[in-house]
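Thanks for coming. Please have the sequence and the model on the screen.

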Amino acid sequence: NNNNNNNDNRQTYNLKEILDQWRTNGEKKIVLQCPNEEKLLELKQSATINNLPNYLVTDAGHTQIAKGSKTVLAIGPYPSVNIDQVTGELKLY
């Protein structure tokens, strides 16, 4: 399994199985508020350190958002308990 973090004994999961379960069970998404881009980057770093699948969206600049702005961080799919360790302090949007 490629999800091992040698720094501790955390439970690791098979990402293909998680993705299959997520698709089968309705593809749940939760939107949270992040106060600023700096915090968004901190959350990405924390997700990466914790071996959570994540993707940072950079805006293309076709609307009022400036090109290159980091606007969204997707984390998961992964067990909620693991994602909550990174995002638990954020409020629902």
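A word on terms before the pocket. On a 1 Å grid over the protein atoms alone, a pocket is an open set of points where a 1.4 Å probe fits, with protein on both sides within 12 Å along at least five of seven lines; lining residues have an atom within 4 Å of a point. Points are joined across faces, edges and corners, and a volume is the space filled by probe spheres set on them.

This is a predicted model, so local features need pLDDT of at least 70 and side-chain atom pairs 80 or more, while totals for chains, interfaces and linings use all residues. Numbering starts from 1 along each chain as its sequence is written, and side-chain values use heavy atoms, without hydrogens or water.

The largest pocket has a volume of about 1,100 Å³. It is lined by 34 residues, and closest to its centre are Ile30, Val31, Leu73, Ile75 and Ile83. Helices H1 (15-24), H2 (37-49) and H3 (80-87) and strand E2 (70-75) each give two or more residues to that lining. Helices (H or I, at least four residues) and strands (E, at least two) are DSSP runs, numbered from the N terminus. E2 gives the most, with six residues.

Next, the lysine. Lysine 39 sits in helix H2. Is lysine 39 buried or exposed? Its relative accessibility is 17%, so it counts as buried; the cut-offs are under 20% for buried, over 50% for exposed and partly exposed in between, with a 1.4 Å probe and protein chains only. Leaving aside residues up to four places away in sequence, lysine 39 touches Cys34 and Glu89, where contact means heavy atoms within 4.5 Å.

Last, helix H3. Its buried residues are Asn82, Ile83, Val86 and Thr87. Viewed down the axis of H3, these fall within an arc of 120 degrees, so they line one face of the helix; the arc is taken from the directions from the helix axis to the C-beta atoms. Val81 and Gln85, on the other side of H3, are exposed. The cover over the buried residues of H3 includes H2 and E2.
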